[in-house]
Structure formats: structure tokens, C-alpha cells
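Q: I am new to this structure and would be grateful for a close look at a single part of it, followed by its setting in the whole.

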Amino acid sequence: MRARYILGEIFTGLWRNIAMVISVVIVTAVSLTFVGTGLLMQKQIMDMKETLVEQSQVTIYLCSPHSTAASCAGGAATDAQIDSVRQALDGDVLSPYIASYDERTSDEALTIYQEQFAGEGFVSNFTAEDMPVSFHITLKNADESAAVVEFFQGRDGVDEVTDLLSAFAPFIDVLNQSTLFALGLAVLMLIAALLLVATTIRMSVANRRREIAIMRLVGASNLFIRLPFLLEGAVAAIIGGVIASGMLWMGLHYLVQGWLAPTLGNELITVGVADLIWAAPVLIAAGAVLSIASSVVSLNRYLKV
Amino acid sequence: MIRFDNVTKTYMRGQYPAVENLDIEFSRGEFVFLVGASGSGKSTMMRMVLKETTPTRGTVYVAGRDLSRISSWRVPALRRDIGMVFQDFRLLPSKTAYQNIEFALAVIGTPRKVVRHLVPEMLEMVGLEDKGKRLPHELSGGEQQRVAIARAYVNRPSILLADEPTGNLDPSTAEGILDLLAEINERGTTVVMATHDQSAVDRMQRRVVEMVGGKVVRDEEGGLYETVASASVISGNLPDDSEHRAEHPLDDPEDQGRPEQPSEEHQDVSDVLDEELIDERDAQLDQVDDAFADDEDEEERR
């Protein structure tokens, strides 16, 4: 009896205020889409930083016979030069920064090179002597790469020092800024959504004044009187959350997986449709919780039991 | 069953109380007529029994319980034991007679099996067993009031409050409604009926309580509508000054010299709580809403 009655009330309520309900759904959907976008961008940033930690973040390439840098004027790096880099890496000056490092001889470099370009005709033209010796360093703190880079940059026998973080930095920066922007818009839209829910509830209460008066009179409990209104708002918000998830799916499927990942590389772009498995429930739950909160506040104002 | 213990209710700061120093008791199984002009405090008494409004001073007891000590979440339980009938019936226009009665049971969670048993029984009691499927606008005024009484009584309350239940009905229909209320009273329910219906009071000859300006001026067992008692206003023995009184707030200079207003009253009304002001505002809003609701009804009919 109760469940059927409450369900019936929710549907009549939604139907009577259909225009308001549609606007609640749209506003909630748009705001939750922004929230979802922000979440996914943050997830992308976290994934990227994790990759950086896993991989060596700073790489020192010593001179090969083909190097053109000023510090490589003497040709390929000598054993003494290689040794001095090794000693510097083990030394006390750099130990606060370096977690571990890994030396790659020219033979190993050739093997990797041959694997990477297997099948290409020019691979057989190179021998181990053409390949540089390199050191792959994992830092204790990925943000403090500058000290290490500066230490080795321009040393005799050092061709190039690359810092993965500084290569990723602009990208992470863009993502961080976009997250801020998306969350800012989301907050604005969520405020609009909350106010709309409050107004809708108020209209719903006004529409059903007579029923409410009689329910109070015959002694229906407060919760029983309020439940249809609470659930009405929640249903609208949940529909909004589902639509938001749909929009995110489209964005992830067509924009991220269809264009961004092939353009920037699958290793870099880690977010995808699979992330909706956790993002969609979060969005739908957030929508429901916010709308119920807003309903409770407006019911306390407009429905004195 | 119902006891007012020195109860005063002031809706708005600076205005005369709706009821003042009310001390009266209605016992179990009694049938009481409340008579008196509009604004004499009859409806306020009923609202206080339902805990729709709280007294400014004093205590109301219903079935031995002090209403001021009942927490808000237990008010519904109190109201389940009180039936209420209005002059304007207050049926839900989109529901049939059967559904209107069913509604009162459904919203307090009565199992469907019980509902299916109780509603036809109620329809039979009020003599509408063949009209359960009619909508309120397809019923006459008297029939609508019968549905309203069935709805109020379906939970077998121990108290039935009726606020001018025959006010919108012709005399012979009113008689039928009165008989129905008498039947309910015979089944053991305390009935308190506010009325202006002289023939009803005269015919029943039950306890009559007359109110003037928020005070009880007559309490007569087996009384008639009119009386020889000197304080009775409705019998024309005393001019009615209550309407004039209500229109003027206390700080009106004209009122200062009125001999029948003791000076202590100026203090009494000043300690009205803000909550009461909100009550008053709500009451006004309700009136506005009712006006809109009437418009709505007309639109629906068209």
C-alpha cells in the first residue's frame, strides 16, 4: 500500500511539474557533466604522474660519435667521462635527490633500437659504437628534477639531459587549469540546480496543499508526507546524472579515444570509456545526495507539518 | 477527554486574545455544542486540540496527555485519535468517495486488507454504499459531508471535532448529518460541534457552551441555542462587542479607557512569542491559498 502510494505520488508530482522537472534534469545533467570532466582530468593527471614515477624521470645521454653538442667536441664519451658521471650519481651531492639509476651500455641501446625499428632497412647500418651510453635515473621526488638536470647539463662528454616531467609539465598544467574551469562552471550550475530543485519542491507542495492538509489532519507521519517530495527531487537528479554519464561516454568515446589518444599517443592518454564504471555511480550518487539535501531544506521552509 | 486549563491564545502581538483564560473540560462520550459568533474562539479551541496551534499560556490536555509535552514527531499519533469535519467538507476533488475515505487510511499505512474491509463499512454507515464511485462534485452537499464524516471516523477516533458541519446545508440535510454525528457519539466517541445552527442545538438538547470574545459565558447541560442567561450574546441579552474589539489593537487610544479591559492585559499580550506571529502569517497564507483553491475548483469544473 505504502510503496504503491508513494510511487504514484512521485509520478503525479513529476508529471504535474513536467516543465520544471525537465529544467532540473538538464541543469543537473550539465553540471554533473562538468564535475565528471573535472574528475576524469584529475584522474589523467594522477595517471601521468604515476607513469613518471615508474619510468626513469631523468635520462642522461652521453656523447656518441654522431653528437653535435658543444660538450661532445671530443667525440664519443670516454671511459673516464662515463666513470665520472657514475661517481657523481653515487656521490653525496646528488644522493638526496636520486632514488636509483640504471646504466644502459651502447650494446643494450643498440638492442632496444633494433627492437624499436625492427624491419626497417637502416637498422643494420648501425653498430654498438654509434649508440650512446645512457643513465636512467628515478628521482626521490619527481618535482625536484631541476637540480639533477642542472648538475649534468653541459658537462664534458654529456650530450643531453632530458627531463620527462618538464616535457609533461605543460600538459599537466593545461589539465589542471581546465579542471579548475570545469569545476568552477560545475559549482555555478550546481547552485542553479539546487535552487531549481527548491523551487520545484515549493510548487509541488503548493499543488498538493489540499492532500497535505488532509494527510496532516488524519495523522500521516512527517516522513510519509515528505517522502514523495524528497524522492521526486532525487528522481529528477538521478535522471540528470544518467544523462551526464551518457554525455561523458560520448566525450570519452569520440573525443578522447577517437581523436585525442591516437593524436597524443595511447601511453599518454590513459582515461577512457572504462573509467565510467566508477565515475557514473559517483555522479549519480552526488546528484541524488545534493537534490535530497536541497529538498530537505526547502521542505523545512515550505512544508510545516 | 479534553481539558483546557487556564488557556489563553493570542495570535498577534498587541491584539486581543482569540481565547482567554479558558477553563473547561469535555468528558468521554459527551456531545457538546460550541456556540457563539464568528471569531469568538471556537475554531481556535479546535485547532489547539489538534495541536495545529499552541496556547500562549495554559495547558491543553487530550486523553490525559499534556499537549505541550507531546514532541512534534508524535503529533501524528495524537491526530489519528481525533477526527475533524469542516463546513466546506475538504474532500479531494480528483478522488471518488471511496478513494477519499481510503486516502485517510492509506496515508497512515493501514494494510490493504483492512482498508478493503473498512471503507465499504464506513460508506454503509453514512448511507452511501451505492455512491462510492462518485466524485465529490457528483454528490450533493449533504452526501459530501457524509463522505467527510466517514473519512474522519474511519480510524475510530475517540474524539470527533466538527466545525460548523451543517453550515453549508439545508435544514433537512443538516438534520441527517446531525443524526449521523449522534450515532457516532452513541458508539462512544466524544463529539464537539461548533455551530450556528439553532434547530440542531434545540433538537438535540445536549451540553451547550457559548463563547463570547474568547471567553465561556454559558455552559449548560441539556441546553437550547437561546437562553435566559444574562451573559448570552446570541440570545440577544447582551450586545456583541467582540467584533469591534478584534478590529482595534490594544495601543489604539480609543481603547485605553475601556473599563472592561483590566490594565494587566497590556502586559499579557506583549509576551507573545514570535512563533505566534508566524502562526498568524500562516493562517493568513492559508486563507489566500483557500481563495486560490476555490478558483481552481471552478476551473476544474469548466
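Which residues are buried in α6(B)?

A: The model is predicted, and the description below should be read with that in mind. In helix α6 of chain B, the buried residues are B:Ala174, B:Ile177, B:Leu178, B:Leu180, B:Leu181 and B:Ile184. They line one face of the helix, because their directions, seen down the axis of α6(B), fall within an arc of 155°. On the other side of α6(B), the exposed residues are B:Pro171, B:Ser172, B:Asp179 and B:Glu186.

The helix itself covers residues 171–186 of chain B, 16 residues in number. From its first C-alpha to its last, α6(B) reaches 22 Å, close to the 22 Å expected at 1.5 Å a residue. After α6(B) comes B:Gly188, which has a positive phi, near 110°.

The buried residues of α6(B) are covered by several elements of chain B. These include the helices α5 (141–153) and α7 (198–204), together with the strands β7 (159–163) and β8 (190–194).

Chain B has 302 residues, of which buried residues make up 38%. When contacts in chain B between residues at least 6 apart in sequence are considered, 67% of them join residues at least 24 apart.

To take one residue as an example, B:Val49 touches B:Ile2, B:Val60, B:Val62, B:Ile82 and B:Leu161, residues up to four places away in sequence not being counted.

Finally, chain B meets chain A in a contact that takes 20 residues from chain B and 16 residues from chain A. On the side of chain A that touches chain B, at least two residues each are supplied by α1 (2–16), α7 (209–218) and α8 (222–264) of chain A. Helix α7(A) gives the most to this side, with seven residues.

Technical notes
Residues numbered from 1 in each chain as written. Chains lettered and ligands numbered in written order. Predicted model: local features only at pLDDT ≥ 70, side-chain atom pairs only at ≥ 80, totals over all residues. Helix = DSSP H or I, 4+ residues; strand = E, 2+ residues; numbered from the N terminus. Expected span 1.5 Å × (residues − 1). Buried ≥ 20, exposed ≤ 12 C-beta atoms within 10 Å, placed from the backbone. Arc of directions from axis to C-beta. Contact = placed C-beta atoms within 7 Å.
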